[in-house]
Amino acid sequence: MSDCAFKFNTPSSASDRVPKSPSKTGAGKKKSYATSTTKATRVVHTARRTLYTAGRPPWYDSHGQLKDAFVIGICGGSASGKTTVAKKIIEALDVPWVSLLSMDSFYKVLNEEQHEQAARNEYNFDHPDAFDVPLLAATLQRLKEGKSIDVPVYNFTTHSRDPHMKTIYGANVIVFEGIMSFTSKELLKLMDLKVFVDTDSDIRLARRLKRDITERGRDLEGVLKQYNKFVKPSFEHYIEPTMTNADIIVPRGGENDVAINLIVLHVHTQLLARGFKLRNKLANPESKHEPMPDTLFVLEKTPQVHGIHTFIRNQDTNRDEFIFYSKRLMRLLFEYAMSMLPFKAAAVETPQGYEYSGKRLTDIKIAGVSILRAGETMEQALREVCKDVSIGKILIQTNLDTGEPELHYLRLPKDIRDYRVFLMDATVATGAAAMMAIRVLLDHDVPEENITLCSLLMAESGVHSVAYAFPAVKIVTTAVDKEVNDDFHILPGIGNFGDRFFGTDFLEN
């Protein structure tokens, strides 16, 4: 048999041609945007946070609309090497933001009778009905759409789901593997590339014996009983016939480097066609000649506000004064933003025994999310204005080679979807970082109308970009400047706010 069998069902266009190397991309007119390959770990998980050593570039267009993740479906018999193939594909892709989703996580919760059958090796885990396919399809659909998802953790020793779940977010490529992954039409519709791993039955049996005895605490007799009664018949009846759905058939599983390399080349070609270059478009938005949007709210330019701006815009203002007047302006900004939240009537009794008809904030939860690092300077002012506010953080940095924003880190309050969110950034020029942060919040199911972007200073291009992409997001600032220069700095502007506030120097090459 040949190393791999192909049945690509993709259109043959210029964008679908296979590049010479997975690590090479097209070059721009001025700079080469070739992706460097590295063996360094791109995602580091700890008990309390996740760090991304390679940032995620924009996964949406200049209108804020998402491009679905590329889904690779991998099917094959039990112990055929599906997970090995999946991991080798991920390793060879060498791109950040690839997620692995296993069908094994979605076994159904067993009742008492089924648990007893499983203990006697008489429960059929190799049948389509053993999986919670509706939950799996909904989860894969959300992940494909860029949403944050919670994946069950299945315990094969106890045949139950663990209390905790695994959160996955930010997949540009999804590798989905499972023995019954091709048996559901609903799942097949979500796959962009379907791979079948074809491994000899004797090899699969040997692997299953080793795995179930050493890793899952089963005995030899029980494993053979289950294999002959359920695994082998299910493969012949349900799994093997689905080979006709595959775009690629991979004989010998993870040992077949030729097939894996060809899969990787094809996926890289698809990813190149999905790339987004936003910054230049956002600096000159399509709506720049239109009036300011109704969602923009600018703090009234009183003599006090005008005077504070005079201090913080002055290049000769020392750092202590810059911090002092910036904090004053931040507090005024949040007082203004808080006034837009829903209030309800409330009657109280004064110390003199009289009733006073007042207002109280409705029973809502408020969170502040700062775009690091300049947005972090605004957290204290928000805490001074709003009691018991939760704080989240998003780190977005500009890639100096491409000029595009990249997501490196996020830590959001639990159930952020239930909060009114103040998204904080000290200055907004093109709106690229703000758009990325808003997209992150939307991916975590925060309603667009519950997001308020708060900034001390914005450029008109940034206002238009954010408002055009996310028309329900409120934009609150203390001033709007007209221009952004070729280096994406606001004019007349305020300088680099973070450097002036923290007393650091930014050296440009």
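Q: Why is Ala-86 called buried in this predicted model?
A: Ala-86 has a relative accessible area of 0%. Buried means under 20%, so Ala-86 counts as buried. Ala-86 is placed in helix α1, residues 82–93.

Q: Which residues is Ala-86 in contact with, leaving aside its neighbours within four places in sequence?
A: With those neighbours left out, Ala-86 is in contact with Ile-74, Leu-100 and Val-175. Contact here means heavy atoms within 4.5 Å. As for Ser-102, Ala-86 is 16 residues from that serine in sequence, and the two C-alpha atoms are 9.9 Å apart.

Q: What makes Asp-388 exposed, and where does Asp-388 lie?
A: The relative accessibility of Asp-388 is 67%. Exposed means over 50%, so Asp-388 counts as exposed. Asp-388 lies in the loop between α11 and β15 (390–398).

Q: What is the phi of Asp-388?
A: Asp-388 has a positive phi of about 60°, although this residue is not a glycine. Most residues other than glycine have a negative phi.

Q: Why is Asp-415 called partly exposed?
A: Its relative accessible area is 35%. Buried requires under 20% and exposed requires over 50%; 35% falls in between, so Asp-415 is partly exposed. The residue is in the loop between β16 (405–411) and β17 (419–424). Phi of Asp-415 is near 55°, a positive value in a residue other than glycine.

Q: How do you know that the peptide bond joining Leu-372 and Arg-373 is cis?
A: Omega of this bond is about 10°, and the bond is listed as cis. Arg-373 lies in the loop between β14 (365–372) and α11 (379–385).

Q: What is omega for the bond joining Leu-491 and Pro-492?
A: Omega is about 0° for this cis peptide bond. Pro-492 is found in the loop between β24 (490–491) and α14 (497–502). Most peptide bonds are trans.

Q: What makes strand β9 mostly covered?
A: Five of the six residues of β9 (193–198) are buried.

Q: How do you know that β9 pairs with β4 and with β10?
A: Two strands pair if there are at least two bridges between them. Strand β4 (residues 70–76) is joined to β9 by five bridges, and β9 and β10 (residues 248–251) are linked over four, so both meet the cut-off for pairing. β4 and β9 run parallel, and β9 and β10 also pair in the parallel sense. Ile-72 stands opposite Leu-193 in β9, while Val-195 stands opposite Ile-248 in β10.

Q: Why are β18 and β22 called edge strands?
A: The open sheet has the order β18-β20-β22, with parallel pairing. β18 (427–428) and β22 (480–481) each pair on one side only, and they are the edge strands.

Q: How many bridges join β20 to β22?
A: Two bridges join β20 (residues 457–459) to β22. At least two are needed for a pair, so this link meets the cut-off. Ala-459 stands opposite Asp-481 in β22.

Q: Where does helix α13 lie, and what makes α13 mostly covered?
A: Helix α13 (residues 460–469) lies across β18, β20 and β22, running at about 80° to β20. Eight of the ten residues of α13 are buried. Among them are Val-463, His-464 and Val-466.

Q: How is the packing of α9 and α10 described?
A: Two packed helices are described by the angle between their axes and the distance between the axes. The axes of α9 (residues 303–313) and α10 (residues 319–338) come within 9 Å and cross at roughly 145°. α9 passes α10 in a left-handed crossing.

Q: Which residues of α9 and α10 meet?
A: From α9, the residues include Val-305, Ile-308 and Phe-311. From α10, they include Phe-322, Tyr-325 and Leu-329. The residues of this contact divide into eight nonpolar, three polar and two charged.

Q: How many helices and strands does the chain have?
A: There are 14 helices and 24 strands. Of the 509 residues, 49% count as buried. The chain exposes about 25,600 Å², and carbon and sulfur atoms supply 50% of that area.

Note on methods
Residues are numbered from 1 along each chain as its sequence is written. This is a predicted model: local features need pLDDT of at least 70, side-chain atom pairs count only at pLDDT 80 or more; totals for chains, interfaces and linings use all residues. Side-chain values use heavy atoms; hydrogens and water are left out. Axes are lines fitted to C-alpha atoms, for helices over the stretch in contact, and angles run from 0 to 180 degrees between N-to-C directions. A crossing is left-handed if the near helix is turned anticlockwise from the far one by less than a right angle, and right-handed if clockwise. Ala, Val, Leu, Ile, Met, Phe, Trp, Tyr, Cys and Pro count as nonpolar, Asp, Glu, Lys and Arg as charged, and the others, Gly among them, as polar. Buried means under 20% relative accessible area, exposed over 50%, partly exposed in between (1.4 Å probe, protein chains only). Accessible areas come from the Shrake-Rupley method with a 1.4 Å probe; for residues, only the protein chains shown count as cover.
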